[in-house]
Amino acid sequence: MDDKGLSYKIHWGLVNGGVPTSELASHFQSHSVRKQLTNGADRVIMHCHATNFMALSYVVELDSARFTRLLWEGSTECLVVFPDGVGIVPWMVPGTDEIGDATAGQMQSHSLVMWPFHGIFGAGPTLDETFGLIDTAEKSSEVLVKVISMGGLRQSITTEQLVALGKRFNVNPWQAALDTGPANVA
Ligand SMILES: [Zn+2]
């Protein structure tokens, strides 16, 4: 990239007429936010169409705190892996500066962002860690798809237990997701 971020030169790959991803705006704007926020630690912005995570976007309330709480309850490891929760943007046309702005805006406070009916964005220091982050959210989503298919949650991890989990693993869970109360997908 040039200093102003207005043009690029290909150093490797993209042979035979290959071009960068159509989501270049979302990647770059998210990089810019995460680089500042993490003092350069986050070097990867990954996007994919995680199946179960996407499926949930059709049936859950599209509220970041409520959805984060649901995923935290969907698997015990989730609160430890993404204590900052999941941001959600409205459905938008992909491949635009606008969805890049909205995604980067959510990246200010979340390492994961949902694009409803489309997929997920994750931010992390390495490819492995970022893939792991997305995979953790996807795994919890798969559990929840099964749970919802079986008729919904009859019991789950409580707020007190989530707080204890955060203490044990030295993470600060997003307060809004704790405050929003038990997950309810009915
Ligand atoms: Zn996509």
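**Exercise 1. What spacing do the donors of the zinc ion follow along the chain?**

Before you start: this is a predicted model, where local features need pLDDT of at least 70 and side-chain atom pairs count only at pLDDT 80 or more, while totals for chains, interfaces and linings use all residues. Residues are numbered from 1 along each chain as its sequence is written, and side-chain values use heavy atoms, leaving out hydrogens and water.

*Solution.* 
- Step 1: find the ligands. His47, His49 and His118 coordinate the zinc ion, each through NE2, at 2.1 Å.
- Step 2: check the term. Donors are N, O and S atoms within 2.8 Å of the metal (3.2 Å for Na, K and Ca), and since water is not among the atoms, a site may look incomplete.
- Step 3: read off the pattern, which is H-x1-H-x68-H.

**Exercise 2. Work out which residues of helix α7 are buried and where they sit on the helix.**

*Solution.* 
- Step 1: Helices are DSSP runs of H or I with at least four residues, and strands are runs of E with at least two, numbered from the N terminus. Buried means under 20% relative accessible area, exposed over 50%, and partly exposed in between (1.4 Å probe, protein chains only).
- Step 2: list the buried ones. In α7 (residues 159-168) these are Leu162, Leu165 and Gly166.
- Step 3: look down the axis. The buried residues of α7 fall within an arc of 95 degrees, so they line one face of the helix. The arc uses the directions from the helix axis to the C-beta atoms.
- Step 4: turn to the other side of α7, where Glu160, Lys167 and Arg168 are exposed.
- Step 5: find the packing partners. The buried residues of α7 pack against α3 (64-74), α4 (78-81) and α8 (175-179), with contact meaning heavy atoms within 4.5 Å.

**Exercise 3. Trace how strand β3 is joined to its neighbours β2 and β4.**

*Solution.* 
- Step 1: take β2 (residues 86-88). It runs parallel to β3, with 3 bridges joining the two; strands pair if DSSP finds at least two bridges between them. Ile88 stands opposite Met114 in β3.
- Step 2: take β4 (residues 119-124). Here the pairing with β3 is antiparallel, over 4 bridges, and Leu112 has Gly122 as its bridge partner in β4.
- Step 3: inspect the turn. β3 and β4 form a hairpin with 3 residues between them, and Phe117 in that turn has a positive phi of about 60 degrees.
- Step 4: check the faces of β3 (residues 112-115). Leu112 and Met114 are buried on one side, Val113 and Trp115 on the other.

**Exercise 4. Classify the aromatic pairs Phe53–Phe67 and Tyr58–Phe117.**

*Solution.* 
- Step 1: learn the cut-offs. Rings of Phe, Tyr and Trp (its six-membered ring) pair if their centres lie within 6.5 Å; planes under 30 degrees apart are stacked, over 60 edge-to-face, and the rest tilted.
- Step 2: apply them to Phe53 and Phe67. With 5.5 Å centre to centre and 75 degrees between the planes, this pair is edge-to-face. Phe53 lies in helix α2 (residues 51-56) and Phe67 in helix α3, so the pair ties together parts 14 residues apart in sequence. Both Phe53 and Phe67 are buried.
- Step 3: now Tyr58 and Phe117. Their ring centres are 4.7 Å apart and their planes at 45 degrees, so the pair is tilted. Tyr58 sits in the loop between α2 and α3, and Phe117 in the loop between β3 and β4, 59 residues apart.
- Step 4: compare exposure. Tyr58 counts as exposed at 56%, whereas Phe117 is partly exposed at 33%.
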